Amino acid sequence: MEIKQIYLAGPLFTAAEIEFNFKLYSDLQANGYKVFLPQKECENKTDKDIYTTCRSGIDTSSVVLAILDGADADSGTCWECGYAVAKGMPVIGLRTDFRKSGDTGGFNAMIYFSAIKVIDGEKDYLDKILYYLKNN
């Protein structure tokens, strides 16, 4: 898979979520990938500007990397995944949350089976992401 840009989808409503997203963004960039990070790109935007900026970010990306932690995946992240799948764009799911719930042990079945790859585990997730990006 030739990657022109990674769209990093995930919740961004707590300090911990924002910090995790930014660390993953920085790690991916340090490994040579261009990354669209909604929390960075939409920092001073509101309402429809957030929607159009993020939709454009997906449109200019070649893969969505979706953080799916929590009791249920973030609704915006789910929309971003659905939009990408409808466009024929691959989605990689990342879950570092060790709690198991939902249809497939932590994932909603609609998200789980929409992803071309699911990385499940709180350890070595970056190495697993990089391996998959380089080898598919």
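Let me begin with Gly121, which, if we leave aside its neighbours within four places in sequence, is in contact with Arg95 and Thr96, where contact means heavy atoms within 4.5 Å. Please keep in mind that this is a predicted model, in which local features need pLDDT of at least 70 and side-chain atom pairs count only at pLDDT 80 or more, while totals for chains, interfaces and linings use all residues. Residues are numbered from 1 along each chain as its sequence is written, and side-chain values use heavy atoms, with hydrogens and water left out.

Gly121 sits in the loop between β5 (117–120) and α6; the helices (H or I, at least four residues) and strands (E, at least two) are DSSP runs, numbered from the N terminus. Between Gly121 and Asp97 there are 7.0 Å in space, C-alpha to C-alpha, although the two are 24 residues apart in sequence.

Helix α6 (residues 125–135) packs with helix α1 (residues 15–30) at an angle of about 45 degrees, with the axes 11 Å apart; axes are lines fitted to C-alpha atoms, for helices over the stretch in contact, and angles run from 0 to 180 degrees between N-to-C directions. The two helices are therefore oblique to each other, given that angles under 35 degrees count as roughly parallel, over 145 as roughly antiparallel, 65 to 115 as roughly perpendicular and the rest as oblique. On the α1 side the contact is made by Phe20, Leu24, Asp27 and Leu28, and on the α6 side by Tyr125, Leu126, Ile129, Leu130 and Leu133. By class, these residues divide into 8 nonpolar, no polar and 1 charged, where Ala, Val, Leu, Ile, Met, Phe, Trp, Tyr, Cys and Pro count as nonpolar, Asp, Glu, Lys and Arg as charged, and the others, Gly among them, as polar.

How do α3 and α4 cross? The axes of helix α3 (residues 47–59) and helix α4 (residues 75–86) come within 10 Å and cross at roughly 45 degrees, which makes α3 oblique to α4. Tyr51, Cys54, Arg55, Ile58 and Asp59 of α3 make this contact with Trp79, Glu80, Tyr83 and Ala84 of α4, and by class the contact has 6 nonpolar, no polar and 3 charged residues.

Finally, which element gives the largest share of the lining of the largest pocket? That share, 5 residues, comes from α4, and the lining as a whole has 10 nonpolar, 5 polar and 4 charged residues.
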